[in-house]
Amino acid sequence: MKKEEILHMFPASLRGLFHTAAQAAQEVQEIRLRAEKPVILIRKQQEYFLTKEGRFTKEAAGAKVMDAGELEQILQHICKYSVYAYVDEIRQGYLTLPGGHRVGVAGQVVLEDENRIRTIKNIRYLNIRIAHEIKGAAKPVISEVYEKGRFCNTLILSPPGCGKTTLLRDLVREISDGNAWGAGMFVSVVDERSELAGSYLGVAQNDLGIRTDVLDGCPKAMGMMLLIRSMAPEVIAVDELGCPEDADAVEKVLRCGCHILSTIHAEDMEELRRKSFMKRLLAEGAFRRFIVLAKENGSCVVKKIYRCE
């Protein structure tokens, strides 16, 4: 990742403040901006504040306080000075930037009706999530998800912040391009929150492989069915199964003869089994590989791999 990608997120008048953060681009995960609150960065899983000179500090007392006007400048700059043109993205709570970076937004919600958000106005909170594409993240597990050259339906279990999306992204790339354990396959990705491909104007900013198609911004269950009909995938990949509709869609995907690669929030197999919407899939043996991630000494690690023969 180039430091310029971070600097160009901000208007010229504020780039000096974030120059040091841009120099440490490979280590920064998040830049959190709140009106009338100190600027906070997450760097190497640790929380830091920014001083008025742009230096890292652990002390909130000397931190730069972001005022509402500056926050508005940043939002306008991200939206190319036409916030209205980005209303569809803002309605979903985030904006996607070149390079696959995402900006979460929060403020005052305007409802279309009781079940639909029209837009978010008076945006006073931004969470800039810096994308880190790590090619090679799948190396420790790639051999485990194949059996005699055939890909095995795989579920990645992980608590938040343990690298499941990074691992999923690199597995998609490996499966799509082909590797020492299996030939390249047609992969379709339902990228509901634009985190896997990091699509910008429809073009994936992250490398998901040469045989991968991406459906961006679509709910998982709907997207899986659409891709089965339209793209004839051999593998469908989705991030974070989370409801009965997702599980039902996975079941339909498997009935169509397609493979599945997915993630889910769970610390271990015991927690996975407690999720009621997953019970039928588990009982039917939908997945043959379970990869459990964890954090040890501040680093994300593969804790365990379960094989169902």
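Q: Before we dig in, what counts as a helix or a strand here?
A: Helices (H or I, at least four residues) and strands (E, at least two) are DSSP runs, numbered from the N terminus. This is a predicted model, where local features need pLDDT of at least 70, side-chain atom pairs count only at pLDDT 80 or more, and totals for chains, interfaces and linings use all residues. Residues are numbered from 1 along each chain as its sequence is written, and side-chain values use heavy atoms, with hydrogens and water left out.

Q: How many α5 residues are buried?
A: 12 of the 14, so α5 is mostly covered, where buried means under 20% relative accessible area (1.4 Å probe, protein chains only). Among them are L167, L168, R169 and D170.

Q: Switching to strands: how do β3 and β4 run?
A: Antiparallel, with 4 bridges joining β3 (residues 40-43) to β4 (residues 46-50). Two strands pair if DSSP finds at least two bridges between them. I42 has E47 in β4 as its bridge partner.

Q: Which residue has a positive phi in that hairpin of β3 and β4?
A: K44, near 50 degrees, in a hairpin with 2 residues between the strands.

Q: What about β4 and β5?
A: 2 bridges join β4 to β5 (residues 56-57), and these strands run antiparallel too. F49 has T57 in β5 as its bridge partner. That hairpin of β4 and β5 has 5 residues between the strands, and G54 takes a positive phi near 90 degrees.

Methods. Buried means under 20% relative accessible area, exposed over 50%, partly exposed in between (1.4 Å probe, protein chains only).
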